[in-house]
Amino acid sequence: MPDRAPAHPLPDPHRAGAWVESAAIPLVCMDGDFRWVYVNRAAEALLQERREDLLGRTQWEIHPLTLGTDVERAYRHTMDTREPVDFEQYYPPHDRWYRMSVRPAAGGMDVEFHDITAERRRAVAPATSPATVEDPAALDLLDLLTETSAALSTTLEVDEGVRRLARLVVPRLADWVIVSTYDATSGALADVAVVHRDPELQHAADAYAESRTGALAADSPARRAIRSGRPAVVGDGRAEDLDSFTAALVVTPQAQQRLAALRPGCVAGVPLLAGGRTVGLLSLFRDAGSAPWTDRELRAATDVAARAGTALDNARLFTQQRQVAEALQRSLLTDPPEPDHAEVVVRYLPAVQAARVGGDWYDAFIQPGRTTMVVIGDVAGHDIEAAAAMGQLRSLLRGIAVYSDAGPAEVLSGLDRAMDVLAVGTIATAAIARFEQTDDERGRGVTRMRWSSAGHPPPLLLGAGGGVTTLGSRRADLLLGVDPATTRAEQVTELDRGTTVFLYTDGLIEQRGPEGPLGLDAGLDRLREALADLAQLPLGDLCDAVVERLVHGRPDDDVALVAVRLHRQDRPRPAEAGSGHVPDAVPAPPGA
């Protein structure tokens, strides 16, 4: 007797997969390590990135700004407890709100993104009729939301974001405003931006802000908003008893007097929230005689504050990441030695954007054989992990070079093998130059530079007469961390005394120009031109002037450089080259 067919046939896995791929709802699947293992077509379109660039990377690598937010808390909760989580999240790049649905799945979890922007906007301007849609006040509030998103999504600086927010809400939502940041740990409220619609009263508003922070009454809208996480309002616009009104807001006579001079009629405190935490405060003031806020205006203020809170918290995280990465990086970038008649100058300038701080490094040291070795390198990536990887590579390279007393190519080969054996999971470029000299060469006034490059931009030579030469006519060797068995090549160049050797990272030459990013060739041309123009400057001034000319002190990417000027040896050591300090452990030269 044949088997009976099941009443409910099992779904075809191929059809199910095709449905998920073509579904309109964006879907991301992660494994137990938060590594993205599947991204459907809708999610690819939402993120505006190719899925091949996303798969295999962790959530924290793709979106580092979600660390410490509701997103991280929800993801970790679902991963740890296997419980589903739903929450709302604003996405500044698209000016959209999403309901995030996080669901446990075999070996990980799935995340769906449901667009709820229309719902959020209807809360501000309910579309009950065509007349409502055409209501100028409602449309102005919608414009305010859009402008808030656009203004705050283009800055990574907390203070600048706060100032932009203040300029946006006056006069649409208030006659004047104070925007503050809030530290939940210390309870400190810091007023960062004050804007009054009347320029003649701006100074009075600034004076009040200076006196109000430590004088806020416990039941003031500002304190209530911070405690509750919800807007708080006081005043009906009439302010018939101004003394009593100001006393309910601030407790010191000075703050009360300064506030009374501004004649407020109603005051609102709106918390800036991010990840369920209060990160700042929007204090709105309307003058006496003005109407208090409508429910729609308060909803708009709340939405503006929510967007601002997310953007400012992102900026805060960016700033923290930058400070940690920069501190780590600078702690590893030590002062150079002062070998005989050679002047070594180093510079490091972090990227303006926090996300670009990371893996550039320089180094200069003396090997046991009294040869001077200088190094420039760039680890792939721009974050704290890149800075940490840079520290590993720099320390490994130093140890290999000092222990082996080997030349540049052998040191790079040793570093490649060490990276492989120690599983240092990164790639990097680097260039090493070693300065050598025999007694005969010293007599002839020349120095040999032995150098090798692992995929790094070419060294430049600046002659005493101002001529600039680019070294490395052939293709650079493979990057570090790609193939530990690769053969490294060395080149040798004879240098006259008075020559300057210039090593640098790509952040110096791959900056943005008026027409967009500069390519390697165009950037090199600008660097060569700058070196030629500035050749007569002392070496330290030369390096500073080159950096200023090429990146104007605000590089798109990290900039590191090391320059070596070979002063004449038939004269006393010049003062600008330093005192000639060499580590005590380095053997003295014969006959010294």
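**Figure 1. Secondary structure and burial in the predicted protein chain.** The protein chain holds 19 helices and 22 strands, where helices (H or I, at least four residues) and strands (E, at least two) are DSSP runs numbered from the N terminus. Of its 592 residues, 48% count as buried, that is, under 20% relative accessible area, with exposed meaning over 50% and partly exposed in between (1.4 Å probe, protein chains only). Among contacts (heavy atoms within 4.5 Å) with a separation of 6 or more, 63% join residues 24 or more positions apart. The model is predicted, so that local features need pLDDT of at least 70 and side-chain atom pairs count only at pLDDT 80 or more, while totals for chains, interfaces and linings use all residues. Residues are numbered from 1 along each chain as its sequence is written, and side-chain values use heavy atoms, with hydrogens and water left out.

**Figure 2. The largest nonpolar core.** A nonpolar core is a set of buried Ala, Val, Leu, Ile, Met, Phe, Trp, Tyr and Cys residues joined through side-chain atoms within 4.5 Å. The largest has 26 residues, of which Leu 165, Val 169, Val 177, Val 179, Leu 272, Leu 282 and Leu 284 touch the most other members. Two or more residues each come from helix 9 (158-169), strand 6 (176-183), strand 7 (188-196), strand 9 (264-274), strand 10 (277-287) and helix 14 (295-332), and helix 14 gives the largest share, 6 residues. Leaving aside residues up to four places away in sequence, Leu 284 touches residues including Val 169, Trp 176, Cys 266, Trp 293 and Ala 301.

**Figure 3. Packing of helix 10 against helix 13.** Helix 10 (residues 202-212) and helix 13 (residues 253-260) pack at an angle of about 155 degrees, their axes 9 Å apart; axes are lines fitted to C-alpha atoms over the stretch in contact, and angles run from 0 to 180 degrees between N-to-C directions. The two helices are therefore roughly antiparallel (angles over 145 degrees; under 35 is roughly parallel, 65 to 115 roughly perpendicular and the rest oblique). Ala 207, Tyr 208, Glu 210, Ser 211 and Arg 212 of helix 10 make the contact with Gln 254, Ala 255, Arg 258 and Leu 259 of helix 13.

**Figure 4. Packing of helix 18 against helix 19.** Helix 18 (residues 520-533) and helix 19 (residues 539-551) pack at about 140 degrees, with axes 10 Å apart, which makes helix 18 oblique to helix 19. Arg 526, Leu 527, Glu 529, Ala 530, Leu 531 and Asp 533 in helix 18 meet Leu 542, Val 546, Arg 549 and Leu 550 in helix 19.
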